[in-house]
Amino acid sequence: MADGIEIGFGPLGQSGQCPGGSGDLVVFVGDDLTLGSAARDALGASGADLVARAAASEKFKGRSLTALSLPAPGGVEADRLVVVGLGSDKDRAKTDWPVLGGFTASKVSGRTARIVLDWPGATVTAAQAGEFALGARLRTYTFDRYKTKKKPDAEEKAGTALTLLLADHDAASREGDTARSLSDSVILARDLVNEPPNVLYPEEFARRAADLAKLGVEIEVLEPARMRELGMGALLAVAQGSVREPRIVIMRWNGGPAGEAPVALIGKGVIFDSGGVSIKPGGGMEDMKGDMGGAAAVVGALHALAARKARCNVVGAIGIVENMPDGGSYRPSDILTSMSGQTIEVINTDAEGRLVLADVITHVIRSAKPKAIVDLATLTGAIIVALGQDIAGMFSNDDALAGNIHAAGEATGEKVWRMPLIPAYDKAIDSKFADMKNTGGRHGGAATAASFIKRYVEEVPWAHLDIAGVAMSSNASEINRSWGAGWGVRLLDRLIRDHYEAR
Ligand code: BES
Ligand code: MN
Ligand code: ZN
C-alpha cells in the first residue's frame with residue numbers, strides 16, 4: 001500500500017503564496033471559463049489572460065472533469081497551473097465531490113499542490129471539501145506491496161501534499177480528519193481484497209481484523225473447536241478441504257447506550273474459492289482471492305465506526321474459510337446439519353458462501369440479538385449477469401431497511417438495486433433428502449441464494465447485498481484504480497450514521 005497523499009486546509013487568501021515556492025496551483029472554471037475571485041487574485045491579471053489563451057489553443061472548454069495543465073505564468077509562485085473544468089451551471093449544481101477530488105488529484109503532477117476551491121457562484125462547504133479530500137485519497141491508492149520495482153512515480157506520488165484552500169477552512173479541517181479516517185477504512189478493505197490467499201489465510205485475516213482492538217473494538221475469535229461445540233456443521237464442512245483452519249471474528253463496537261440491541265454486519269470471508277470438489281474452470285480462478293470482499297467491507301466499516309467513535313452499537317461478524325478440493329473435502333450429496341438445526345443437502349461445493357453465512361448468522365442472532373442484519377457477500381456469478389459491475393444486488397425482508405440502504409447507496413455512490421424475494425425461489429431450494437439444498441439450479445441463481453440465507457435470519461429485519469460484481473475486478477473510476485474496491489465501507493458507515501446513531 002502506498003500510504004497515499006497528505007491533505008491539509010488553508011484560507012483562500014493563501015492562494016497567492018506557496019510554502020515551497022513550487023508545486024502546482026489548481027483552479028476551477030465552469031464552461032464559460034470565468035475564474036473565481038480568489039483564483040484571479042492568485043493568478044494576477046496576466047494569468048487570467050494566459051488561461052483564456054491556453055484554453056483556446058488547447059481547445060479546453062471547461063467541461064466537467066476535463067483539465068488543462070500549463071507552466072505557471074510569471075509572477076505566480078508555482079511550477080504548473082492546472083485548470084479543472086466544472087461544466088455548466090447544471091453540472092455544478094450536482095457536483096459529485098469525491099469524484100471531483102479524485103479527478104483533480106489525478107491531474108496534479110508536482111510534489112505539492114494548492115487547490116483553490118473557489119469559482120464564480122461557489123461557496124464550497126466544509127463537508128464538500130471533506131468529500132473532495134476523501135475522493136483524492138481514494139484515487140491515489142495503489143497496491144504495490146509485492147512489486148520489487150515500483151513504478152517511477154509511485155513513490156513520489158505517495159508523498160504528495162495537497163492543500164485545499166477555502167473560506168471555511170477550520171471546519172473543513174475537521175471534516176478532513178473524518179475523510180482521512182474513512183479513506184483509511186476503505187483502504188484497509190482494499191488491501192484485504194488485494195492480498196493473495198497464501199499471505200491472507202484465515203488465521204492471518206483474523207489477526208488483521210483483531211487489530212481493530214487498538215481503536216476500542218471488542219474482539220472475539222472463534223476457532224474450530226468452539227465452532228464444533230456450537231454445531232456449525234455448514235461452515236465447518238466448507239473449511240474441511242483446506243489445510244488452513246477457519247476462523248470467525250466477532251467485532252463489537254459499543255458506542256451506543258449500554259444494552260441497546262446492536263445492528264449486525266455480517267461478511268462472507270472465503271479467502272480463496274476454488275469451488276472445492278465441484279471445482280471451477282481454470283480461467284480467471286485467480287480472481288477468487290477476492291471472495292472475501294464482504295468480510296473486508298465489514299472490517300473496514302467497523303474501523304470507520306470506531307475511528308469516529310460512532311454513537312451506536314454495532315456487531316461485525318465474519319466467517320473466514322478457504323474452499324479447496326482434497327481427500328477430506330465435503331462433497332456433493334453430503335447432508336450437513338447447520339447450527340440452526342436445519343439440514344442441508346450439498347448439491348454443489350461451489351455454493352459455499354451461503355453455508356458459511358448460515359452459521360455465522362445463527363450465531364449472531366443467538367449471541368447478540370441484533371435489531372437488524374446486513375450481510376455482504378460475493379455470493380453469485382448470477383448477480384453479475386443480472387446487474388453488471390457498477391451496482392450491487394440487494395435482497396431484503398424489510399422495506400424500511402431496504403429503503404435506508406438504498407438511500408445510503410445513492411448518497412455515497414455505492415449503489416444497490418433491490419431484487420425480488422418470492423416463494424418460488426424458496427421452493428427451488430427444497431430438497432428430496434434434507435430441509436434444503438445448497439443450490440436452486442441455474443435460473444435466478446442470485447435470488448435462490450438469497451432465499452437460502454433468508455431461511456436463517458428468522459424474523460430479524462435483514463438485507464443481503466450480493467457484491468460479487470462490485471467488490472473486485474473493479475472498473476476504473478475517478479476514485480478507484482485498484483482491483484479490490486473496498487466496496488461497502490462508505491455505504492455501511494453512511495447507513496449507520498443516518499439511521500442508527502443518536503445525535
Ligand atoms: N464466489 C462465488 C461467486 C462469484 C463469482 C464471486 C464470480 C465473484 C465473481 C460463489 O461461491 C460461487 O461459486 N457461486 C456459484 C453458485 C453456484 C454453484 C450455484 C456461481 O455463482 O456460479
Ligand atoms: Mn463458490
Ligand atoms: Zn464463493
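User: Which residue coordinates both the zinc ion (ligand 3) and the manganese ion (ligand 2)?
Analyst: This is a predicted model. In it the two ions are 3.2 Å apart. The residue that coordinates both is Asp273.

User: Where in the chain do Asp291 and Glu352 lie, and how many residues apart are they?
Analyst: Asp291 is in the loop between β9 (263-273) and α10 (293-307). Glu352 is in the loop between β12 (343-345) and α11 (353-368). The pair links distant parts of the chain, 61 residues apart.

User: Is Glu352 buried or exposed?
Analyst: Buried means under 20% relative accessible area. Glu352 has 1%, so this residue counts as buried.

User: What is the geometry at the zinc ion (ligand 3)?
Analyst: Lys268 (NZ), Asp273 (OD), Asp291 (OD) and Glu352 (OE) coordinate the zinc ion (ligand 3) at 2.0 to 2.4 Å. The site has six donor atoms, with angles of 78 to 173° among them. Ideal angles for six octahedral donors are 90 or 180 degrees. The site is classed as octahedral.

User: At which residue does α1 bend?
Analyst: Helix α1 (residues 37-58) has 22 residues. A straight helix would reach 32 Å, but the end C-alpha atoms of α1 are only 24 Å apart. The helix bends by about 105°, and the bend is at Gly44.

Definitions and conventions
Residues numbered from 1 in each chain as written. Chains lettered and ligands numbered in written order. Predicted model: local features only at pLDDT ≥ 70, side-chain atom pairs only at ≥ 80, totals over all residues. Heavy atoms only, no water. Helix = DSSP H or I, 4+ residues; strand = E, 2+ residues; numbered from the N terminus. Expected span 1.5 Å × (residues − 1). Bend = angle between axes of the 7 residues up to and from the residue. Donors = N, O, S within 2.8 Å, 3.2 Å for Na, K, Ca; no water. Tetrahedral: all angles 85-135°; square planar, octahedral: opposite > 155°, others 65-115°. Buried < 20%, exposed > 50% of the residue type's maximum accessible area, 1.4 Å probe, protein only.
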